[in-house]
Amino acid sequence: DSNRKIFWVTNFSGILGNPIRYTNGIAWANFAPQINSSADKLTQCLALLPFRGRLLAFNTLEGQTLATSIAYTNRIRWAAIGNPFSDVSAIVTTVNANAWKDDIRGQGGFLDIPTSEAITAVGFVRDNLVIYCERSTWQLRYTGRSIAPFQIEKVNSELGSESTFSAVQFDTSLVGIGDKGIVECDSYKSERIDIKIPDLVFQFQNDDDGTKRIHGIRDFQQRLAYWIYPYAPGSGPSDKFPNRRLVYNYENDSWGIFTDSLTALGTFQPSTSYKWEDFTVPF
């Protein structure tokens, strides 16, 4: 309403955790759309992305309540084209009550990737969606059909990504960190790019949710990509959190490792801007 932008949040904290939420910058609302005539709901998911006019959820929890939900780790669920809101809230009043229902023709739907592995990371490459599972890579293509708008295709059966936040978006590829190496997928092929450091990923800490703590980002100005990770060979409580930063110079294909204690990476945008009168240095 009022054309305000919506910010979505899902922290994938399990059946005892928090629901999906959204905000317009003023108020917050819980999001649990009904997905069928049995009153089951989409109660939580690993990731949400808009694609071809629909909102898509990946690696879902579904049930009549969050506490009784069942995990569908290889599932991709989508809403109808257009409005994904199925319930009126303090933020939205225009809704489509059937937007996520998979038993109504032309509305919502779902697709299960034919693997027992969990979806771990997703990202856009050109006009396709690259989906990393634990040990394989897939792509989601748009078909244009209202009944089955998407189809899944396997890109690589050996290389995947174990860390959701390790996925770093490049111009024509998506790079993630898996159990066998650092993997780059251009939606047609998936291959390792860490040939110069082939054994490094085997030194990453897997205990204490170590794979969930790996976080990557791209530095456009420096033409670098960074990943923070917990280094396994050490000992002590500090190994639970990231204590190394891997730096990749993608212009000359070189790597470096720094001792760091960062726990998250992201971009920062100041909420206030400077005026000329605020500067004390003469020009």
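Hi everyone. Before we start, keep in mind that what you see above is a predicted model.

Let's begin with empty space. Rolling a probe the size of a water molecule over the atoms shows where empty space is left. Here, the largest pocket holds about 1200 Å³ of space. How many residues line the largest pocket? There are 41 of them, and L46, A47, V122, T164 and F165 are the ones that lie nearest its centre.

At least two lining residues come from each of β1 (7-9), β4 (41-51), β5 (54-63), β8 (119-125), β12 (168-169) and β16 (215-219). Which strand gives the largest share? That's β8, with 6 residues. And if you sort the lining by class, you get 23 nonpolar, 13 polar and 5 charged residues.

F7, V9 and W28 together make a nonpolar patch of about 320 Å². To place W28 for you, W28 sits in strand β3, which covers residues 28-31.

On to charges. Side chains of opposite charge can pair when their charged atoms come close. In this model the count is 14 salt bridges. I'll walk you through a few.

Take R218 and D171. Their closest N and O atoms are 3.1 Å apart, and they form a salt bridge. This pair links distant parts of the chain, with R218 in strand β16 and D171 in the loop between β12 and β13 (174-177), 47 residues apart. So is R218 buried or exposed? R218 has 14% relative accessibility, so R218 counts as buried. D171 is exposed, because its relative accessible area is 62%.

Next up, R192 and D194. In this salt bridge the closest N and O atoms are 2.8 Å apart. R192 has 26% relative accessibility and therefore counts as partly exposed. D194 is at 0%, so D194 counts as buried.

Then there's E251 with R223, whose side chains meet in a salt bridge at 3.0 Å, N to O. Again, distant parts of the chain are linked: E251 is in the loop between β18 (244-249) and β19 (254-259), R223 is in the loop between β16 and β17 (224-229), and the two are 28 residues apart. E251 counts as exposed because its relative accessibility is 56%, while R223, at 41%, counts as partly exposed.

Some salt bridges also join up. E62, R75, R77, D102 and D112 are linked in a network of them.

Most residues other than glycine have a negative phi, and most peptide bonds are trans. What is phi for R223? It is near 60°, a positive value in a residue other than glycine. R52 also has a positive phi, near 55°. Where is R52? You'll find R52 in the loop between β4 and β5, and R52 counts as partly exposed because its relative accessibility is 40%.

Last stop, the segment after β19, where T272 is found. T272 has 63% relative accessibility, so T272 counts as exposed. How far is T272 from S157? In sequence they are 115 residues apart, and in space they are 48 Å apart, C-alpha to C-alpha.

Definitions and conventions:
Residues are numbered from 1 along each chain as its sequence is written. This is a predicted model: local features need pLDDT of at least 70, side-chain atom pairs count only at pLDDT 80 or more; totals for chains, interfaces and linings use all residues. Side-chain values use heavy atoms; hydrogens and water are left out. On a 1 Å grid over the protein atoms alone, a cavity is a set of points where a 1.4 Å probe fits but cannot get out, and a pocket is an open set with protein on both sides within 12 Å along at least five of seven lines; lining residues have an atom within 4 Å of a point. Grid points are joined across faces, edges and corners, and a volume is the space filled by probe spheres set on the points. Helices (H or I, at least four residues) and strands (E, at least two) are DSSP runs, numbered from the N terminus. Ala, Val, Leu, Ile, Met, Phe, Trp, Tyr, Cys and Pro count as nonpolar, Asp, Glu, Lys and Arg as charged, and the others, Gly among them, as polar. Patches are made of residues with over 30% relative accessible area and no salt bridge: like charges are joined within 9 Å, nonpolar side chains (Val, Leu, Ile, Met, Phe, Trp, Tyr) within 5 Å. Accessible areas come from the Shrake-Rupley method with a 1.4 Å probe; for residues, only the protein chains shown count as cover. A salt bridge is a side-chain nitrogen of Lys or Arg within 4 Å of a carboxyl oxygen of Asp or Glu. Buried means under 20% relative accessible area, exposed over 50%, partly exposed in between (1.4 Å probe, protein chains only).
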